[in-house]
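Student: Could we go through the pockets of this structure together? I would like to start with the lining and then move on.

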Amino acid sequence: MWDEAVKIAIVGLSGVFAGLGALVVALKIFGAVASRLTKKEVK
Amino acid sequence: MSGFQLAHKVLMQTGFVNLTLGHVIMWFVGFFFIYLGIKKEYEPLLLIPIGFSIFAVNLPLAPLTGKGEILRIFYHYGLEWEVVPTLIFLGLGAMTDFGPLIANPITLLLGAAAQLGVYIAFFGALLLGFKIPEACSIGIIGGADGPTTIYLTVALAPQILGATAVSAYSYMSMVPLIQPPIIRLLTSKEERRIKMKMLRPVSKLERVLFPIVACLLGCLIVPPSAPLLFMFMLGNLFRECGVVKRLSDAAQNELMNIVTIFLGIAVGATMPASVFLRPQTLLIFFLGLIAFSASTAGGILFAKFMNLFLKEKINPLIGSAGVSAVPMAARVSQKMAMDEDPSNILIMHAMGPNVAGVIGTVLAAGMFIAMVK
């Protein structure tokens, strides 16, 4: 049981970090695109 | 049948004759929740219907929880069919401002780190003799998210639903009491005084795209989290798109209020004396506290860890807001920052990890379902 539990915890926490990490990357791209668009509007 | 026999038969069918000590104890539990809701204003929207429902299901012989009876119907269609937690998420999405998170995406990681308590309580539950599905449900209390706790427990361990749901909501309402000592223990005065620079403005396009992208990524990475994540992000899209104000208002107000009533009744209905008055209930409450505390510590410590690499330091107080409990955990961060420096306005920074914590808990629940169900 403990073997399985350790795997569940490691994979589970990794999944949470992977999901939110992917969102961080997506939002960073958002931010970069948004700031470019804003600069263009100012010009 | 003589008059005496008839009277005796009627008497034997009254609740008084069938009353047990367990029923009476549960009445006091129910009254205590009602007291907390009314007098202390701890989560009154939930504790009052839960308390009254506990009282009702512990009335002996009352036809409330049998097959086809009213409280059973609330439980069956509301919780077993997963309707209520998902509808609550629709309302939460419509109420959530993801602006601070979009402006400072790195704070999403604090929402992930604050799931640490979920896994610590998971192991704690296993050590205390719970099975893996029950340990998952107990662990998720550390995510400080009531609907997710209910959703996961119904999926994995419905026999402990009453204890996990009440534990989650009780500790959520006690965030202002639980978190400050842990925060003080893990942060120095200097760290609590760190001022963070103002967040950039977030465009409407970003706000509209966020729920779509978050739903896509979250559901692709952890498909079992889709029911909650989809509803959460749909609610948020209602809010941000600006053209369905009626739907957004309905999700935030009327619908949210209605499903909150259903939720309270259905959760209370899972707490008859025979189910609730067991030593394991006390253990679940104890583990819930461990989960909450460890999640708070996880968020703070990860914020301090991030500071080792970041040029612009973040105030570790916002790490503790990574436990969901929106917006209470963010308010605690704000209050503690202002206690050190009244000019330090941290609330918007704390809202980022706070809403990230909601997504993090949903993903953690989805991972448990994917691996255990």
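Student: Which residues lie nearest the centre of the largest pocket?

Tutor: Keep in mind that this is a predicted model. Among the 29 residues that line the largest pocket, Glu43(B), Leu92(B), Met95(B), Met256(B) and Val326(B) lie nearest its centre.

Student: And what volume does the largest pocket have?

Tutor: The largest pocket has a volume of about 770 Å³.

Student: Which element gives the most to that lining of the largest pocket?

Tutor: That is α18(B), which gives 4 residues to the lining of the largest pocket. Several helices of chain B each supply at least two residues of this lining, including α4 (44-57), α6 (83-95), α18 (254-268) and α23 (347-372).

Student: How many nonpolar, polar and charged residues are in the lining of the largest pocket?

Tutor: Sorted by class, the lining of the largest pocket has 20 nonpolar residues, along with 6 polar and 3 charged ones.

Student: OK, new topic: how much space lies in the second largest pocket?

Tutor: The second largest pocket holds about 440 Å³ of space. It is lined by 19 residues, and the closest to its centre are Ala103(B), Asn104(B), Ile106(B), Lys197(B) and Glu312(B).

Student: Which elements give two or more residues to the lining of the second largest pocket?

Tutor: Those elements are α1 (2-42) of chain A and α7 (99-103) of chain B, and α1(A) gives the most to the lining of the second largest pocket, with 3 residues.

Student: What is the lining of the second largest pocket like by class?

Tutor: The lining of the second largest pocket has 10 nonpolar residues, 3 polar ones and 6 charged ones.

Terms used: Residues numbered from 1 in each chain as written. Chains lettered and ligands numbered in written order. Predicted model: local features only at pLDDT ≥ 70, side-chain atom pairs only at ≥ 80, totals over all residues. Heavy atoms only, no water. 1 Å grid on protein atoms, 1.4 Å probe; cavity = no way out; pocket = protein on both sides within 12 Å on 5 of 7 lines; lining within 4 Å. Points joined across faces, edges and corners; volume = space filled by probe spheres on them. Nonpolar A, V, L, I, M, F, W, Y, C, P; charged D, E, K, R; others polar.
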